[in-house]
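Hi there,

Here is the structure I promised to pass on to you. Have a look at it first, and then read my notes below.

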Amino acid sequence: MPDVCLVVPCYNEERRLPQAALLAFLDSHPHVVLCLVDDGSRDGTLGVLRGLEAQRPGRVIVVPLSPNGGKAGAVRAGVLAAVAAGPWPIIGFWDADLSTPLAEMDRLLAVLRDTPGCRLVMGSRVKRLGSRIERRLQRHVLGRLFAALASGILGLSVYDSQCGAKLFHRDLVGVLFDEPFITRWLFDLEMLARLRNAIGASAMDMVREVPLLEWHEVGGSKLGVGEMVGVHVIEPGAQREFDLRQAHAFAQENAAVDMYFGLHCCRLRWGDCVAPPGATRGDKDTTAGDVKLINKNKYLR
Ligand SMILES: Nc1nc2c(ncn2[C@@H]2O[C@H](COP(=O)(O)OP(=O)(O)O)[C@@H](O)[C@H]2O)c(=O)[nH]1
Ligand SMILES: [Mg+2]
């Protein structure tokens with residue numbers, strides 16, 4: 001009986017998706033099921049994913065989304081579909097280009113299974129002797145700069161929040177994925193912030209970064225500077241207003257998101273960013289599963 005469901009978000013991956021590696025991985029890992037999300041691709045990605053499903057029936061779940069909504073939404077939809085599809089105790093997500101080779105999943109899984117109290121493991125691209133972390137200098141430097149700022153400003157000693165390889169226990173899904181993400185590309189940081197807001201300062205004791213042995217930058221990344229700073233701006237008006245209000249509330253608590261949000265505000269009138277009408281600030285205690293939620297300083301309607 002499989003006990004791990006790995007979500008793979010796919011956007012225009014018809015040519016890039018390493019199909020043979022995914023099939024070989026399924027064959028050598030009978031305890032894993034793949035949940036492949038087509039994020040409104042404009043090429044033949046959905047057909048490719050259906051082909052994989054047909055080749056390994058029962059081992060591949062396909063989630064078609066339309067229109068394209070970005071990696072954060074695709075991962076969230078995949079995780080929620082995974083929870084609905086089976087009782088797997090461990091869920092995760094993995095970038096489709098396999099920049100992090102699938103062989104690393106065994107190492108992440110071992111840490112998740114063997115470390116008492118650990119609920120979330122994240123691959124970490126620590127460039128060091130003995131590892132093969134191959135990244136263009138420009139992206140390495142930008143990535144390190146972002147990571148240093150984000151961890152400093154948020155007070156989280158995370159080395160690499162943005163690596164696209166993460167595994168977690170099913171009981172964290174409510175806290176991490178119930179609400180739609182505000183950002184399309186910083187959602188990994190949102191996940192950590194959600195965990196911290198829900199559980200308190202000790203939340204980070206549940207998280208382990210696992211230094212990867214291997215990571216290769218794979219060409220064909222679609223994440224450009226424009227996408228980093230302008231994602232909400234190009235979305236339709238109503239959606240944009242909702243995102244901005246949510247982001248404004250979130251930015252009160254999370255300085256890194258505030259920085260990100262600030263980029264939007266440079267391009268928009270501040271008037272778009274006001275709190276929702278009738279919003280007040282307050283505390284709210286709720287319980288989700290066995291995790292006590294203490295949501296402080298949120299706008300309550
Ligand atoms: N660029 C992009 N990637 C998406 C989107 N939705 C899902 N993804 C997936 O997110 C993962 C990371 O994307 P990639 O282009 O490799 O970004 P990078 O390597 O982090 O620069 C891949 O599995 C994509 O297929 C989207 O709207 N845009
Ligand atoms: Mg990539």
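**A strand and its two partners**

Strand S5 pairs with strand S7 (residues 165-169) in the antiparallel sense, over 3 bridges. (Strands are DSSP runs of E with at least two residues, helices are runs of H or I with at least four, and both are numbered from the N terminus; two strands pair if DSSP finds at least two bridges between them.) S5 and strand S8 (residues 207-211) run parallel, joined by 5 bridges. Leucine 120 has phenylalanine 168 as its bridge partner in S7 and valine 207 in S8.

Before going on: this is a predicted model, where local features need pLDDT of at least 70, side-chain atom pairs count only at pLDDT 80 or more, and totals for chains, interfaces and linings use all residues. Residues are numbered from 1 along each chain as its sequence is written, while chains are lettered from A and ligands numbered from 1 in the order in which they are written.

Is S5 buried or exposed? 5 of the 5 residues of S5 (residues 120-124) are buried, so the strand is largely enclosed by the rest of the structure. (Buried means 20 or more other C-beta atoms within 10 Å of a residue's own, exposed 12 or fewer, partly exposed in between; C-beta atoms are placed from the backbone.) Leu120, Met122 and Ser124 lie on one side, with Val121 and Gly123 on the other.

Asparagine 12, between S1 and helix H1 (19-28), has a positive phi near 50 degrees and is partly exposed. Leucine 98, between S4 and helix H4 (103-114), has a positive phi of about 55 degrees but is buried.

Happy exploring!
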